[in-house]
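This briefing looks at the aromatic side chains of one model and at how their rings are arranged. A pair of aromatic rings is described by the distance of the centres and the angle of the planes.

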Amino acid sequence: MSLAQLGSLGEFLGFFAVLATLMYLALQTKHSKDVANSQAARSVSVDFQAIWSTLGEDIERTEIIRFAVNDWDSITKNEQMIAHAFFCNLVAHFSSALEQEDKLPELEALTHGWEDNIMGLLRSEGGRKWYDSCSYLFLPILRDRVRQRLSHPESLPPAWTTTMAWWKVEESELSAKSS
């Protein structure tokens with residue numbers, strides 16, 4: 001075999017080596033993307049659970065949130081700040097998940113459940129009053145989604161205070177709080 005023939009054979013084999021390397025890199029890139037998407041989806045789920053777990057860790061905060069959901073005006077300004085922080089955390093993390101939803105189809109079911117939860121909050125008297133007072137703070141994508149959902153009441157879940165008895169504050173509790 002002449003030197004020219006060996007060179008041609010080397011180029012031919014080199015072509016397949018480069019092709020195999022490119023295919024391997026494409027598979028690795030796809031795998032890395034899938035892992036990153038899975039981690040992002042898991043992170044959203046963990047965030048959602050972490051927000052809710054704060055209520056179990058602080059009974060006083062839970063009571064403030066409970067009153068806030070029922071009657072925003074029945075709580076003090078300091079309590080409104082505590083409730084506002086909780087609600088903002090819930091809505092801001094949802095907003096973040098909403099922005100990622102197009103890139104991560106596996107988030108769709110989670111964001112839909114999260115959205116229904118927020119809609120339940122906004123259907124509660126106090127939750128709606130809270131949102132109306134501060135909706136300008138949130139991203140347009142969230143405000144548009146909320147506006148679109150609220151324009152179709154038949155598609156909305158019930159208010160937190162309707163379906164989950166522990167959120168409902170009785171009149172006697174409201175009276176005792178205001179005295």
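The model is predicted, so local features need pLDDT of at least 70 and side-chain atom pairs count only at pLDDT 80 or more, while totals for chains, interfaces and linings use all residues. Residues are numbered from 1 along each chain as its sequence is written, and side-chain values use heavy atoms, with hydrogens and water left out.

**Ring pairs**

- Rings of Phe, Tyr and Trp (its six-membered ring) pair if their centres lie within 6.5 Å, and the planes count as stacked under 30 degrees apart, edge-to-face over 60 and tilted for the rest; by this rule there are 10 aromatic pairs.
- Phe94 and Trp114 form a tilted pair, because their ring centres are 6.3 Å apart and their planes stand at 55°.
- This pair links distant parts of the chain, 20 residues apart, with Phe94 in helix 3 (residues 77-100) and Trp114 in helix 4 (residues 108-123), where helices are DSSP runs (H or I, at least four residues) numbered from the N terminus.
- Phe94 is buried at 2% relative accessibility, and Trp114 is buried at 1%.
- Tyr131 and Phe138 are stacked, with 6.2 Å from centre to centre and 5° between the planes; Tyr131 is buried at 7% relative accessibility.

**Cluster**

- Ring pairs join Trp72, Phe86, Phe87, Trp130, Tyr131 and Phe138 into a cluster.

Terms used
Helices (H or I, at least four residues) and strands (E, at least two) are DSSP runs, numbered from the N terminus. Buried means under 20% relative accessible area, exposed over 50%, partly exposed in between (1.4 Å probe, protein chains only).
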